Amino acid sequence: KNMKEVVNSRRKNILVRGFQMLVIGVMFNLGITVLAFLAFIQFFWMLITQEKNGFIADIGISLKDWFGIAVEFMLGTSDIKPFPWSKP
């Protein structure tokens with residue numbers, strides 16, 4: 001490959017990554033909304049039953065992992081892509 005093809009290939013990869021970052025950013029904002037809703041439900045669940053809802057707690061672990069991978073990818077710390085570009 002000549003130098004121009006290499007530069008164009010790199011630009012294309014960066015543009016694809018930019019699109020992925022945009023989608024992840026939208027998903028991140030949706031995730032924050034889901035997180036706030038689940039926290040609200042968990043609070044009232046604990047208030048009423050005096051114990052944690054295990055299902056919500058398990059979702060929290062998954063959200064924490066996804067958010068971590070998403071932040072690392074979006075800030076260039078890692079090339080590992082979060083869902084939907086990787087298996088959950």
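Modeller: Axes are lines fitted to C-alpha atoms, for helices over the stretch in contact, and angles run from 0 to 180 degrees between N-to-C directions. The model here is predicted. In it, helix 1 (residues 3-49) packs with helix 2 at an angle of about 155°, and the axes are 10 Å apart.

Colleague: Why is helix 1 called roughly antiparallel to helix 2?

Modeller: Angles over 145 degrees count as roughly antiparallel. The angle between helix 1 and helix 2 is about 155°, so helix 1 is roughly antiparallel to helix 2. The crossing of the two helices is left-handed.

Colleague: How many nonpolar, polar and charged residues does the contact of helix 1 with helix 2 have?

Modeller: That contact has 18 nonpolar, four polar and one charged residues.

Colleague: What lies in the loop between helix 1 and helix 2?

Modeller: Gln50 is one of the residues in that loop. Its phi is positive, about 65°, although Gln50 is not a glycine.

Colleague: Why is Gln50 called exposed?

Modeller: Exposed means over 50% relative accessible area. Gln50 has 66%, so Gln50 counts as exposed.

Colleague: How many aromatic pairs does the structure hold?

Modeller: It holds five aromatic pairs. Among them is Phe43 with Phe44, an edge-to-face pair with 5.0 Å centre to centre and 75° between the planes.

Colleague: What makes Trp66 and Phe67 an edge-to-face pair?

Modeller: Ring centres must lie within 6.5 Å, and planes over 60 degrees apart count as edge-to-face. For Trp66 and Phe67 the centres are 5.5 Å apart and the planes are at 75°, so the pair is edge-to-face. Both Trp66 and Phe67 are buried. Together with Phe28, they form one aromatic cluster.

Colleague: Why are Phe43 and Phe44 called partly exposed?

Modeller: Partly exposed is the range between under 20% for buried and over 50% for exposed. Phe43 has a relative accessible area of 45% and Phe44 has 34%, so Phe43 is partly exposed and so is Phe44.

Colleague: How do you know that Arg17 lies over the face of Phe73?

Modeller: One condition is that CZ of Arg is within 6 Å of the ring centre. Arg17 is at 4.0 Å from the ring centre of Phe73 and lies over its face.

Colleague: Why is Phe83 called partly exposed?

Modeller: Buried is under 20% and exposed is over 50%. Phe83 has 42%, so Phe83 is partly exposed.

Notes: Residues numbered from 1 in each chain as written. Predicted model: local features only at pLDDT ≥ 70, side-chain atom pairs only at ≥ 80, totals over all residues. Heavy atoms only, no water. Phe/Tyr/Trp six-rings, centres within 6.5 Å; stacked < 30°, edge-to-face > 60°. Buried < 20%, exposed > 50% of the residue type's maximum accessible area, 1.4 Å probe, protein only. Lys NZ or Arg CZ within 6 Å of the ring centre and 35° of its normal. Helix = DSSP H or I, 4+ residues; strand = E, 2+ residues; numbered from the N terminus. Parallel < 35°, antiparallel > 145°, perpendicular 65-115°, else oblique. Left-handed = near helix turned anticlockwise from the far one by under 90°. Nonpolar A, V, L, I, M, F, W, Y, C, P; charged D, E, K, R; others polar.
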